Amino acid sequence: APWRLALLHLLWPGPAGGRQPTFSTSCARCSKNRRLRQKRVLSERKLTRYFVDHRKVRVVGGQGGGGGHSFYSEPRKIFGGPDGGNGGDGGHVILKADRQMKSLSSVLPFYQGFHGEKGGSKNCYGANGAYVYVKVPVGTLVKEDGKVVADLTQHGEEYVAAYGGAGGKGNRFFLSNENRAPTLFTPGEPGQERVLHLELKTTAHAGLVGFPNAGKSSLLRAISNAKPAVAAYPFTTLNPHVGIVHYQDYEQVAVADIPGLIKGAHQNKGLGMAFLRHIERCRFLLYVVDLSVSQPWIQLQDLKYELEQYKKGLSERPCVVIGNKIDLAQSRINLPLLKEQIDDRVIALSALTGDNLEELLLHLRELYDTYVKTEQLLGQSPVKW
């Protein structure tokens, strides 16, 4: 009827109406799926609750099943002998590196393997306990009592965190010529119990190193699809972000945005150790310097000093100096002064306007190709994304 169409247009004005519909035009299930597809944009401070780079975990292997105790008996064969089978082994707890995992936030504080089943009659063995797999991000370091016991740097790499206990022996196992009717059987052994410390070190090809507000997050947004938070106040980035730079030959270079360092970071001032730990995995470094400040070469000296104090030789890795904010007038004055003070290559660009990003991308590919050739000459497989 015409009045029904008029009522429908009144309640649903369409894209140009400017009002939301007062009722759902689809079923409840479809409307629920439509709401789930709209992801909330988390701020950097809220994201800190979801990004965890260290975790203490207690792991216990599954207990082995007890051995069976029975004697075979049937009509006209009363004394058939012992037929108790062995118990099944307990399940292991295994840490497995997965590139889909980006944080240790999903790792629980306690894991235990499944227990083995008890041995049955008629020489039936008990089933082994199932393994428990714990997915961790690539680059997870496993420590026990301060010592490194595993380093999971490759996708799919596994480490047995706790072994399951062995299954017990049934009375059939103790049959001998001297003892034709053994009644002895053993219980299953308990699983291994350990307390491990998991530590995440971001695995990336290049690391953006710089002081707060140097423009690292803006640069990562300009060269990749990563969306770290950008603001005018310091310490906008509280967690490392990894962006992927795609090239026409399908090669991918991973660039990590490390939170800003401060003087004394190697002494754990601020969150220095938490930030420096993620730089340690990077194959080459991109020093981001703010050209608009006076004497920008002092920033580079302070950054290299902090890296060297944290780990000897870290500042000597292949690098390039990125002079950011070249769109400002003071930056154009400081650029020739910076090139005179340092020997490293300087690439002047603007992450805000996109000026001279091509030179950075070309040099980034050169650093990546050099890294790949070096790893292949050493007989090692380079990290691929």
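Angles under 35 degrees count as roughly parallel, over 145 as roughly antiparallel, 65 to 115 as roughly perpendicular and the rest as oblique. In this predicted model, local features need pLDDT of at least 70 and side-chain atom pairs count only at pLDDT 80 or more, while totals for chains, interfaces and linings use all residues. Residues are numbered from 1 along each chain as its sequence is written, and side-chain values use heavy atoms, with hydrogens and water left out.

Helices (H or I, at least four residues) and strands (E, at least two) are DSSP runs numbered from the N terminus. The axes of helix 4 (residues 216-223) and helix 8 (residues 357-377) come within 11 Å and cross at roughly 80 degrees; axes are lines fitted to C-alpha atoms, for helices over the stretch in contact, and angles run from 0 to 180 degrees between N-to-C directions. The two helices, helix 4 and helix 8, are therefore roughly perpendicular to each other. Leu219, Ala222 and Ile223 of helix 4 meet Leu357, Leu360 and Leu361 of helix 8, where contact means heavy atoms within 4.5 Å.

An open sheet of mixed pairing is formed by 6 strands in the order 10-11-9-12-13-14; two strands pair if DSSP finds at least two bridges between them. Strand 10 (241-246) and strand 14 stand at the edges with a single partner strand each, so one side of each is left without a neighbour in the sheet. Strand 12 and strand 13 run parallel and are joined by 6 bridges.
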